[in-house]
Structures are given as structure tokens and as C-alpha cells.
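Please open the model in your viewer and keep the selection tool at hand. The tour below goes from stop to stop, saying at each one what to select and what is there.

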Amino acid sequence: MKHQTVLVIDFGGQYTQLIVRRVRELGVFSEMVPWTKAEDRIRSERPDAVILSGGPRSVREAGAPTIDFGLLEGIPKLGICYGLQLIAHRLGGRVVACEAKEYGKRLLSDVDPDSWLAGLDSPQVWMSHGDQVDAPPPGARVVASTESCPVAAIEDRERRLWGVQFHPEVSHTPSGRELLRRFLFDLAGLQGDWTSEAFIEETLDRVRQEVGDGEVLCAVSGGVDSSVMAALLTRAIGDRAVCVFVDHGLLRKGEAEQVRETFTRVFHPRLLVFDARARFFQSLKGVTDPEQKRKIIGAEFVRVFEEHADQLSRCSHLAQGTLYPDVIESGSETAATIKTHHNVGGLPEWMRMKLIEPLRWLFKDEVRAVGRALGLPEEVVEREPFPGPGLAVRILGEVTPERVRIVQEADWIFREELRRRGLHRGIWQSYAALLDVRSVGVMGDERTYQQPIVLRAVESEDAMTARAKPLDFEVLEAIANRIVNEVPGVNRVLYDLTSKPPATIEWE
Ligand code: XMP
């Protein structure tokens, strides 16, 4: 089965990825393509609809991003912000600079009752622009305005062309979802064929074709991505999915046992478990630099695989849990390396396996939906994301078994207290980190000189941005008291209030 596709052409707008998410949430597959590569894509795979994104430039500047509109003939098109201005500019309308840049909530007025915007629940829209359309292209009607923006939306049914100056993809436009729904289904005539079941069916076929009669090494960590990947591969090729769990000793309390238990019970009775705790602790001895920790951990994984070459040497492929945000990020020419995420660099010669990335088209929430459709239990599907290098990036300074124990105990208490109160819902990640400083305290009339624990809980949609979870002071105080009383070695507890950016979710 080949699903329908909406191509979102990225002109550098800050919300472009959000447009893709919104379209997918409505059940239509969508992909983002930079404007520089859009024409080739449209020629090679004619999309079922196109959305032209916002962007920071002015269409009036020489060399401003654009595309050949001749290629889009017959394809339903929606221009958003810069996308609308580009449509106007290229098809015979006029674009001018706003008197002052417009940023914030506005109200739509003069909505044409015969247009695609008729009868929306809320007139509120989110504007963010410096240019605006002064005259629409010939043949297009203006169907809504705001006080300061005379051409807030246009429609040209003949040419299958629609456009809005505001941003329907952001939550500050309450009717934005309905407006996108109308574009996709009522105007572009799409079917909504992007479902978990369709994805699973397609992926099983693709994996079988790619792998042939080979075997696939599938490293599982207990996290959602690797669990869903293992379940998909097992369904596609049965025992030829060689599932391996490397216990590096850097997981949360009780997690290694839980991974083994759930995995063998739920998806696959055969799980190879390699206990490499001693090896990891040995090579992390004395290491305090975050990047060095990540590199050492990556290299140790490879050595563990080498050590077990006899069980793995028939693997022709390596499965990696790359998700769509990673694909988008690595496609960007300007993204700086903030952290070296664990990857498969430095594999030995005998492990020159081909990569397969069955989840590379999915966002995290879609991975969870696929997991549910595959019948994975909620305890797996709802698990919070956890970094590949594990607690090593939550222990500032040297990683020792004793410091791992401290962070495991504090982390357990924190998350247990949140869960007990039902506060874990809506949290993207919550954890305890151990700092590399000491402070003075007093306990039972004795002076203490010990390390502080930092608690971090964040809300996020996709880990690209995050906000600290607002928790009641009494709750935080109760948790802090428990940690200081129950975890030897800790005499102070802090709560991290920083958002991402400027901080990151993990401390290292
Ligand atoms: P940061 O700290 O960059 O994290 O805001 C964003 C998300 O990625 C997770 N993370 C990792 N995941 N390997 C992973 O598989 C890694 O090395 C790694 N570092 C961070 C982090 O937990 C958060 O969900």
C-alpha cells in the first residue's frame, strides 16, 4: 500500500516541523523538504498536496527562496505566511512591507461566508510577519482580513490554491486544526490513510525486502523506540531478528531486570543479555568530561559486540532507532553538534552491517501509537525517553558504582512520588541528577559534607524544546525530605527551573 503524501516545503520558518506534525495528527502522511530540494522531489514523486511554509526572508529581496510554480500545477496548494506571500508575488499579486512588524494574536474579520474559512469556532489567529500581501493574484479572492492585515486569507478554487497570512499550526490559532482539516479533506480531497496499521503493514514489507534472508542485530534498551523496533522486526522476520540487551550498569533502579522480564514475556522468548557492567565502570574510571563519557560508552558497546562475535557474526544488518526529528536535524546544514548522541561509529570490520532504520519516518507519539497497535503493554509504550549513555550523563563528574546507586535511589523516590500523586501524566521526562560539588549540612546534630541531587521534570512535545514542569512547593518539599532522609550521601535537593533552550533536557 502506498499512502498519500503532503509535501511541506520549508522556507526556513520556525514552525515548519509543527505543520508536518499537525498534518500527521490528522491522519495524512507528511514530509518536510527544504525549498532547495523541493523541485527534484516534486518531479520524482508527485505529492498529493503541497504546503508552502513560513520563512524569515522577504519575497521582495533578490535571491529570496522560491520554487517553480509550473511544477505545482494541478496539485492542491496551501501557502502559510511567507508561503502566501510567495504565491502572491509569483502569480501576479503584490507584496509590501508592513508599517510595523506584526507579532501576536489577532482577530479575523470580514470572513467570506462562501469560503473555506466560513463558520470557524474561533476568530483568533497568530500572526508573525514583516511583509504582507497587498493585492492577491488575479483570480484569487480575499476571504478574510484583520484590522492591520487586509489580506489575511485567500482562495482560488479553480487553481486549487489557498493561503493564510497567519499560522494555523500553532496553538494560539484555536481553529487552526479545523482549517488544516478542511484544506486536507474538503479541498484537497485526501483520504486520511496514514494510520499505525498502514505503517506497520508497509514496514513489514519493506524490512522483508531489505533484509532478504539475512539476520538483523537489534539492540534493545528497554526504551520505547528500541522496543517498538524489536517488535516490528520480530514480526517481520521472526528469529532472524537477533535481539540483544547490553546491561551497562547505568540504567535506572530495577530497569535491567524489568527489560529482561517484559521483553521475554511480551515479544520474544529469545533475548541475548550481555552483562557488561564491570567493563563499562572500568573504562569510565576517572573520566569527567561529558563528551568523553559518551564516546567511551559508544566504543564499549562495540567492544561488547566484538566479545560476542560468535553469536552475532551472521547479522547482515543493524537496526537503529532513528526518528524523524533526527532525520530533519541531520538534514539541516547549520545544526551545531550540541551533544554527540550515541551512534554506530567505529564498528569493527566484521560488523560492517547495513543499517536499517524502520522508525525514521515517525515522531515519538507515532512510535507510541505503533507500539500500541503492535500490542505492546502500556508500561513499555508510556515509558519516558531515556538517553543511550544512561545515568552517565546524569552523574556530573566521575561515574562510580556508588554514585550510580545514589542517583538510582533518588530517581526512584522522585518518580514514585510523582506517580503516586498522578503527576507523572503530562511529563515528558523526570529524573534525578547528581552534582559534582559538596556542601555543608547538619543531620542528627552531626555536620555533613555531601553531594546535592537535582530534580528535573519537563514538559515537551518532541524534546526539541522543553519547559520545567510546574510542581507544587509542598510536593517538592516532601520529595526533598524523603531523598535526604533515605539516600545516604545526599544532604541537599534542588529543582531545575530552566527551559530548553537555553538549557538542554539532560545535564550533560
Ligand atoms: P537534550 O539533553 O539534548 O536531550 O535536550 C533531548 C532528548 O534526547 C535524549 N538524549 C539522548 N538519547 N542518546 C539517546 O538515545 C543520547 O546520547 C542522548 N542524549 C540525550 C534526552 O533524554 C532527551 O529526551
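Begin with the second largest pocket by selecting α7 (255-266), α12 (364-373), α13 (378-381) and α14 (401-420), each of which supplies at least two residues of its lining; helices here (H or I, at least four residues) and strands (E, at least two) are DSSP runs, numbered from the N terminus. A pocket, on a 1 Å grid over the protein atoms alone, is an open set of points where a 1.4 Å probe fits, with protein on both sides within 12 Å along at least five of seven lines, and its lining residues have an atom within 4 Å of a point. This is a predicted model, in which local features need pLDDT of at least 70 and side-chain atom pairs count only at pLDDT 80 or more, while totals for chains, interfaces and linings use all residues. Residues are numbered from 1 along each chain as its sequence is written, and side-chain values use heavy atoms, with hydrogens and water left out.

Stay with this pocket and colour α14, which gives the most to the lining, with five residues. The space in the second largest pocket comes to about 790 Å³, where a volume is the space filled by probe spheres set on the grid points, which are joined across faces, edges and corners. Of the 28 residues that line this pocket, the closest to its centre are Glu-382, Arg-383, Glu-384, Arg-415 and Arg-419. By kind, the lining divides into 18 charged, five polar and five nonpolar residues; Ala, Val, Leu, Ile, Met, Phe, Trp, Tyr, Cys and Pro count as nonpolar, Asp, Glu, Lys and Arg as charged, and the others, Gly among them, as polar. Domain 2 (196-381) and domain 3 (394-495) each give at least three residues to the lining of this pocket.

Next, colour the chain by domain: the assignment, automatic or from a database, gives domain 1 (5-187), domain 2 (196-381) and domain 3 (394-495). The C-alpha centres of domain 1 and domain 2 are 39 Å apart, and nine residues of domain 1 are in contact (heavy atoms within 4.5 Å) with nine residues of domain 2.

Now select α12 again and look at Lys-364, Glu-366, Val-367, Arg-368, Val-370 and Gly-371, which are its buried residues; buried means under 20% relative accessible area, exposed over 50%, and partly exposed in between, with a 1.4 Å probe and protein chains only. The elements that cover these buried residues include α1, α5, α6 and α13. Just after α12, Gly-375 has a positive phi of about 85°.

From there, move to α1, one of the elements that cover α12. The buried residues are Thr-16, Gln-17, Ile-19, Val-20, Arg-21, Arg-22, Val-23 and Arg-24, and just after the helix Gly-27 takes a positive phi of about 90°.

Then turn to the salt bridges, each a side-chain nitrogen of Lys or Arg within 4 Å of a carboxyl oxygen of Asp or Glu, of which the count by this rule comes to 48. Select Arg-206 and Glu-202, whose side chains meet in a salt bridge at 3.6 Å, N to O; both residues lie in helix α5 (residues 196-211), four residues apart, about one turn of the helix. Arg-206 is partly exposed at 31% relative accessibility, whereas Glu-202 is buried at 14%.

Select Glu-506 and Arg-394 next, whose side chains form a salt bridge at 2.8 Å, N to O. This pair links distant parts of the chain, 112 residues apart, with Glu-506 in the segment after β19 (490-495) and Arg-394 in the loop between α13 and α14. Both Glu-506 and Arg-394 are buried. Elsewhere, salt bridges that share partners join Glu-416, Glu-417, Arg-420, Arg-421, Arg-482 and Glu-486 into one network.

For the last stop, select His-129 in strand β6 (residues 124-135), which counts as buried at 6% relative accessibility. Which residues does His-129 touch, not counting residues up to four places away in sequence? They are Cys-81, Gln-85, Cys-98, Lys-101, Glu-102, Cys-149 and Gln-165.
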